[in-house]
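User: Please walk me through reading aromatic contacts and pockets in a model. Keep it brisk.

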Amino acid sequence: MMSALTSIQTINDKDGKPAFVVLPYDEFVRAFPLAANTIPNEVMARVVKDGMTPIKAWREHIGLTQAQVAGSMGITQAAFAQMEALSARPRKATLRKVAQALGITIEQLDF
């Protein structure tokens, strides 16, 4: 009997029984829509424990420089550095632009 091709993988335990399922991220998000707006523990810890702004915590987590994000936003690195350092919450429009430059949702940035 031939099984259909699938993009989902099953990982078995040492006894050969299914233990984990691996699926493409877009399929995961379709199945669990709220998962698209999760915040990694590393980002949350840097904000809560270290007092870092969410913008800076996300940028460092993703591994981008200030200049890279600023370039994506069409602003100078100095302007972005100032925005990133502010403890006051930026306007929604600004957060939307930053989120887009970081490749995350505004919900992930605005917490």
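Analyst: A search of the whole structure finds 2 aromatic pairs. Rings of Phe, Tyr and Trp (its six-membered ring) pair if their centres lie within 6.5 Å; planes under 30 degrees apart are stacked, over 60 edge-to-face, the rest tilted. Tyrosine 25 and phenylalanine 28 make a tilted pair, 6.1 Å centre to centre with 40° between the planes. This is a predicted model: local features need pLDDT of at least 70, side-chain atom pairs count only at pLDDT 80 or more, and totals for chains, interfaces and linings use all residues. Residues are numbered from 1 along each chain as its sequence is written, and side-chain values use heavy atoms, without hydrogens and water.

User: Where do tyrosine 25 and phenylalanine 28 lie?

Analyst: Both are in helix α1 (residues 25–31), 3 residues apart, about one turn of the helix. Helices here are DSSP runs (H or I, at least four residues), numbered from the N terminus. Phenylalanine 28 also forms a tilted pair with phenylalanine 32, at 5.4 Å centre to centre and 40° between the planes. Tyr25, Phe28 and Phe32 form one aromatic cluster.

User: How do I read pockets?

Analyst: Rolling a probe the size of a water molecule over the atoms shows where empty space is left. The largest pocket holds about 180 Å³ of space. Pro54, Ser87, Ala88, Arg89 and Pro90 are the closest to its centre, of 15 lining residues. A pocket is an open set of points on a 1 Å grid over the protein atoms alone, where a 1.4 Å probe fits, with protein on both sides within 12 Å along at least five of seven lines; lining residues have an atom within 4 Å of a point.

Terms used:
Helices (H or I, at least four residues) and strands (E, at least two) are DSSP runs, numbered from the N terminus. Grid points are joined across faces, edges and corners, and a volume is the space filled by probe spheres set on the points.
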